[in-house]
Amino acid sequence: MLANIRIVLVNTSEPGNIGGVARAMKNMHLEHLMLVQPELFPSAKATARASGADDILARASVCQSLDEAIAGCGLVLGASARMRRLTWPQVDARQCAEKVIAEARHTPVAIVFGREHSGLTNEELERCHYLVNIPSNPAYSSLNLAAAVQVIAYELMMAAQQAQSLVSPAESTVLPQEAPATAEQMQGFFEHLFAVLAEIGFLNTEHPRKMSRRLKRLFNKAQLEKVEVNILRGILATMQKKLSE
Ligand code: SAH
């Protein structure tokens, strides 16, 4: 289960933090580190902070975009120290671990961490099914990046151990669930949906961004399966055909 989990760091500016994250991950049995446009990587500072976890750094993937880093993932969570104005489905570190461990049995899962100075943008959070928050002092809620990864990784390891001890070998081979839609399938669906909504004049309101954000939140909440996305896209394609007749 832990092998199906990716830790994604967006635009990290301090290479020492990348090393600290690698160390935090290896301590908790996590392996897959994805770096979206890091300011400086590889670097001696990262390797020094990683200590004996430099193998995680050596195998880390450097990506040009968040979309690339979350490709193929059926569940994506974004770690945020702040509450957002538009309430996104939110879980704490422990609830995050339960969800991730349940999903990671059958799909890759990504947990995305933001920039040291400004966290994640709303556009980045829109790619996430859930926002994950580590409960902390409201007057001083922002943890160091590697410390935040450490807390989440610890909860993941504990939840994985718990799940393993609860599931007997016979039960662990139960029915495969339906495949969840991947991040790229969700993006494709949203593009298609907004194109059709624009064609029928629905998105032509004063606040198209606010509306599209709400719609994304609605569909992300449903954690759609591949088959369901195909049905929705089939409906959209049929509407487009009718419109062009
Ligand atoms: N100044 C930034 C915080 C950046 S800390 C801001 O106000 O958003 C770097 C990253 O660590 C954050 O983007 C987030 O992914 C993670 N992080 C820090 N504190 C956290 C907390 N309390 N809960 C969840 N994630 C946290």
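Keep in mind that the model is predicted.

Let's start with helix 5 and helix 7. Helix 5 covers residues 93-103, and helix 7 covers residues 145-166. Their axes are 8 Å apart. The packing angle is about 50°. How are the two helices set to each other? With angles under 35 degrees counting as roughly parallel and 65 to 115 as roughly perpendicular, helix 5 and helix 7 are therefore oblique. Their crossing is right-handed.

Who makes the contact? On helix 5 it is Ala93, Arg94, Cys96, Ala97, Glu98, Val100 and Ile101. On helix 7 it is Val151, Ile152, Glu155, Leu156, Ala159, Ala160 and Ala163. Sort the residues of this contact by type, and you get eleven nonpolar and three charged.

The crossing of helix 8 and helix 9 is right-handed.

Helix 8 brings Met186, Phe189, Phe190, Leu193, Phe194 and Leu197 to the contact. Helix 9 brings Ser212, Leu215, Lys216, Phe219 and Asn220. What kinds of residues are these? The contact of helix 8 with helix 9 has eight nonpolar, two polar and one charged.

You will have noticed the phenylalanines. Phe189, Phe190, Phe194 and Phe219 form one aromatic cluster. A word on how to read such pairs. Two aromatic rings are described by the distance of their centres and the angle of their planes. With pairing set at centres within 6.5 Å, the count comes to three aromatic pairs. Take Phe189 and Phe190. Their ring centres are 5.6 Å apart and their planes stand at 40°, so this pair is tilted. Both Phe189 and Phe190 are buried.

Next, Phe189 with Phe219. Is this pair stacked or edge-to-face? Phe189 and Phe219 are edge-to-face, with 80° between the planes. Centre to centre, the two rings are 4.9 Å apart. This pair links distant parts of the chain. Phe189 sits in helix 8, residues 183-199. Phe219 sits in helix 9, residues 208-221.

Phe189 has 1%, so Phe189 is buried. Phe219 has 18%, so Phe219 is buried as well.

On to the loops. Ala181 lies in the loop between helix 7 and helix 8. Its relative accessibility is 2%, so Ala181 counts as buried. What does it touch? Leaving aside neighbours within four places in sequence, Ala181 is in contact with Cys73, Gly74, Met186, Leu224, Glu225, Lys226 and Val229. One of these, Met186, also belongs to the contact of helix 8 with helix 9. How far is Ala181 from Ala81 in space? C-alpha to C-alpha, Ala181 and Ala81 are 27 Å apart. In sequence they are 100 residues apart.

Last stop, Ser80. Ser80 is in the loop between strand 4, residues 75-79, and strand 5, residues 90-92. Is Ser80 buried or exposed? With a relative accessible area of 6%, Ser80 is buried. Again leaving aside neighbours within four places in sequence, Ser80 is in contact with Leu131, Val132 and Asn133.

Notes:
Residues numbered from 1 in each chain as written. Predicted model: local features only at pLDDT ≥ 70, side-chain atom pairs only at ≥ 80, totals over all residues. Heavy atoms only, no water. Phe/Tyr/Trp six-rings, centres within 6.5 Å; stacked < 30°, edge-to-face > 60°. Buried < 20%, exposed > 50% of the residue type's maximum accessible area, 1.4 Å probe, protein only. Helix = DSSP H or I, 4+ residues; strand = E, 2+ residues; numbered from the N terminus. Contact = heavy atoms within 4.5 Å. Axes fitted to C-alpha atoms, helices over the stretch in contact; angles between N-to-C directions. Parallel < 35°, antiparallel > 145°, perpendicular 65-115°, else oblique. Left-handed = near helix turned anticlockwise from the far one by under 90°. Nonpolar A, V, L, I, M, F, W, Y, C, P; charged D, E, K, R; others polar.
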